[in-house]
Amino acid sequence: MASSSVGLGMACLLLVSCMAVPSLAKDYTVGDSSGWTTGVDYSTWTSGKTFKVGDSLVFNYPSSHTVDEVSSSDYSSCTVGNAITTDNSGATTIALKKAGTHYFICGVVGHCANGMKLAVKVEAGSPASNDKPSTTTPSATTTTKAPDSSSWRVSPLMAVVTAWVALFLMVIS
């Protein structure tokens, strides 16, 4: 009987650990309260932030804009029409699945030249909630648009509740 309690306890601990780790991923609202629009300095917005694989970028914008993932050269020259991915829904969430630099522009002619461009350096490893400057060297990447129900996450509160339930089950068995 004691060995089954220990086994159940270990299984519950493993479950809680698996639930708590995904909650470390962070969602970054691009441009904060300004959102994805002209007149925002996105280079300043990214400074001081450390983006990790597993984090997400949340773009909020009116229907007069788009979020286009582009190559480094299209980003530098503000070339529209060659997007790797594009969305114009007004609420786009991009899961950062690979390390390297990800490039985004607004595909409306002239908007990129007016500052609607974002380069995000993503570090490998587990996501973290700290906002230290990134020192990772960029590498080639591919980003895909996340489905509307962004990546699986569990809140820290849910992890704590699950831990208490697991502890309770261990005590009663």
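Visitor: What should I know before I start?

Guide: The model is predicted, so to speak of local features we need pLDDT of at least 70, and side-chain atom pairs count only at pLDDT 80 or more, while totals for chains, interfaces and linings use all residues. Residues are numbered from 1 along each chain as its sequence is written, and side-chain values use heavy atoms, with hydrogens and water left out.

Visitor: How many helices and strands does the protein chain have?

Guide: Helices (H or I, at least four residues) and strands (E, at least two) are DSSP runs, numbered from the N terminus. Here the protein chain has four helices and eight strands. Along the sequence they follow the pattern α-β-α-β-β-β-α-β-β-β-β-α.

Visitor: Which strands form the open sheet of three?

Guide: Two strands pair if DSSP finds at least two bridges between them. The order in this sheet is S1-S3-S6, with mixed pairing. Strand S1 (27-29) and strand S6 (91-95) are the edge strands, each pairing on one side only. For the angle, axes are lines fitted to C-alpha atoms (for helices over the stretch in contact), and angles run from 0 to 180 degrees between N-to-C directions. Neighbouring strands of this sheet are turned by 20 degrees against each other on average, direction ignored.

Visitor: In what sense does S3 pair with S1, and in what sense with S6?

Guide: S1 and strand S3 (residues 56-60) run parallel, over three bridges, whereas S3 and S6 are antiparallel, over five bridges. Thr-29 has Val-58 as its partner in S3.

Visitor: Where do side chains point in a strand?

Guide: In a regular strand they alternate between the two faces of the sheet.

Visitor: Is S3 mostly covered or uncovered?

Guide: Buried means under 20% relative accessible area, exposed over 50%, and partly exposed in between (1.4 Å probe, protein chains only). S3 is mostly covered, with four of its five residues buried. Across the protein chain, buried residues make up 36% of the 173 residues.

Visitor: What is the strand order in the open sheet of five?

Guide: That sheet reads S2-S8-S7-S4-S5, and its pairing is mixed. Its edge strands are strand S2 (51-52) and strand S5 (85-87), each pairing on one side only. Strand S4 (residues 67-70) and S5 pair in the antiparallel sense over three bridges. Look for Val-67, which stands opposite Asp-87 in S5.

Visitor: Which cysteines form a disulfide?

Guide: A disulfide is a pair of cysteine sulfur atoms within 2.5 Å. A search of the whole structure finds one: Cys-78 and Cys-112, with their sulfur atoms 2.1 Å apart. The link of Cys-78 and Cys-112 is left-handed, with -65 degrees about the S-S bond. Cys-78 lies in the loop between helix H3 (72-77) and S5, and Cys-112 in the loop between strand S7 (100-105) and strand S8 (117-123), so the pair ties together parts that are 34 residues apart in sequence.

Visitor: What about Cys-106?

Guide: Cys-106 is in no disulfide, and the nearest cysteine sulfur, that of Cys-112, is 8.5 Å away. Cys-106 is buried too, with a relative accessible area of 0%.
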